[in-house]
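The points are grouped by topic.

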Amino acid sequence: MIKYILWDIDGTLLNFSMAESNAMRACFAEYNLGELSDDRLEVYKNINDKYWKRLERGEISRIEVLEGRFKEFFSQYGYNTDVVSDFNISYQENLGKTYVFNDNAYETVIKLNNKYSQYAATNGSIIAQKGKLKGAGLDGVLKDVFISELIGYEKPSEKFFSYIFDSIGSYKREEYVIIGDSLTSDMAGGNRAGIKTIWFNPDGLSNPNNVDYDYEIKNLSEVLNIL
């Protein structure tokens, strides 16, 4: 029987794409880099995704992700790479200022709260995630937030989930489910940890690497019919 729900934040409970776009444009204005076009923003998003995938595979460190993505992007368009470190800090702060729920996210969390213990499990930064959760009012609903930057391990590492099991105090895998939009971190991590998995796939994306999962949903309200 499921007792504990582990929610991914970015792209699952909250609309990360909107937060990412707003944060990038705010930082471009702050650093006088001119207007950030949609085309260049899309290039950045692809670079960013590539770096996070490398982190998930254990190929690079977190700081190499946070600063490396901007170094590559800035170099590609001739922006001053000397400001990358400060730019990244501003970006994290701005990420934490935008919090837009995905459809039925908040309502679903509230409806589940009387029956299940709910937690956030995220690879995002401390600054950004705590800002989002507080602003969105989720810090008063979720029992705790497990942030990889604090834990020292990233999803999909088994050590990330072992830390969660230790913190909650239950090691019965059948009592856990993770809900997330990422096949490579949320679903793969859940599989490694031996817990139930629900893939949030609102855009009907394909699964080219055939990552296993227990359920697939397009709207978060569908969780109510599964649990």
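Six of the six residues of strand 2 are buried, so this strand is largely enclosed by the rest of the structure. Buried means under 20% relative accessible area, exposed over 50%, and partly exposed in between, with a 1.4 Å probe and protein chains only. Helices (H or I, at least four residues) and strands (E, at least two) are DSSP runs, numbered from the N terminus. This is a predicted model, in which local features need pLDDT of at least 70 and side-chain atom pairs count only at pLDDT 80 or more, while totals for chains, interfaces and linings use all residues. Residues are numbered from 1 along each chain as its sequence is written, and side-chain values use heavy atoms, with hydrogens and water left out.

**Strand 2 and the sheet**

- Strand 2 is covered on both faces: Ser117, Tyr119 and Ala121 are buried on one side, and Gln118, Ala120 and Thr122 are buried on the other.
- In a regular strand the side chains alternate between the two faces of the sheet.
- The open sheet has six strands in the order 3-2-1-4-5-6, with parallel pairing; two strands pair if DSSP finds at least two bridges between them.
- Strands of a sheet pair through backbone hydrogen bonds, either parallel or antiparallel.
- Strand 3 (144-147) and strand 6 (215-217) are the edge strands, each pairing on one side only.
- On average, neighbouring strands of this sheet are turned by 25° against each other, direction ignored; angles run from 0 to 180 degrees between N-to-C directions, and axes are lines fitted to C-alpha atoms, for helices over the stretch in contact.
- Helix 5 (residues 105-112) packs on the sheet and touches strand 1 (4-7) and strand 2 (117-122), its direction making about 160° with that of strand 1; contact means heavy atoms within 4.5 Å.
- Strand 1 and strand 2 run parallel and are joined by four bridges, and Ile5 stands opposite Gln118 in strand 2.
- Four bridges also pair strand 2 with strand 3 in the parallel sense, where Ala121 stands opposite Phe146 in strand 3.
- Strand 4 (residues 176-180) pairs with strand 5 (residues 196-200) in the parallel sense over four bridges, and Ile178 stands opposite Thr197 in strand 5.

**Helix packing**

- Helix 1 (residues 16-30) packs against helix 2 (residues 38-56) at an angle of about 115°, and their axes are 11 Å apart.
- The crossing of helix 1 and helix 2 is right-handed; a crossing is right-handed if the near helix is turned clockwise from the far one by less than a right angle, and left-handed if anticlockwise.
- Residues making this contact include Phe16, Glu20 and Met24 of helix 1 and Leu41, Tyr44 and Asn48 of helix 2.
- The residues of the contact of helix 1 with helix 2 comprise four nonpolar, three polar and four charged; Ala, Val, Leu, Ile, Met, Phe, Trp, Tyr, Cys and Pro count as nonpolar, Asp, Glu, Lys and Arg as charged, and the others, Gly among them, as polar.
- Helix 3 (residues 62-77) and helix 4 have axes 9 Å apart and pack at an angle of about 115°, in a right-handed crossing.

**Aromatic pairs**

- The whole structure holds 23 aromatic pairs; rings of Phe, Tyr and Trp (its six-membered ring) pair if their centres lie within 6.5 Å, with planes under 30 degrees apart counted as stacked, over 60 as edge-to-face and the rest as tilted.
- The ring centres of Tyr44 and Tyr91 are 6.3 Å apart and the planes stand at 75°, so the pair is edge-to-face.
- Tyr44 is in helix 2 and Tyr91 in helix 4 (residues 84-95), so the pair ties together parts that are 47 residues apart in sequence.
- Both Tyr44 and Tyr91 are buried.

**Backbone features**

- Most residues other than glycine have a negative phi, and most peptide bonds are trans.
- The peptide bond from Lys155 to Pro156 is cis, with omega near 15°, and Pro156 lies in the loop between helix 7 (148-151) and helix 8.
- Asn32, in the loop between helix 1 and helix 2, has a positive phi near 55° and counts as exposed at 69% relative accessibility.
- Asn104, in the loop between helix 4 and helix 5, has a positive phi near 65° and counts as partly exposed at 33% relative accessibility.
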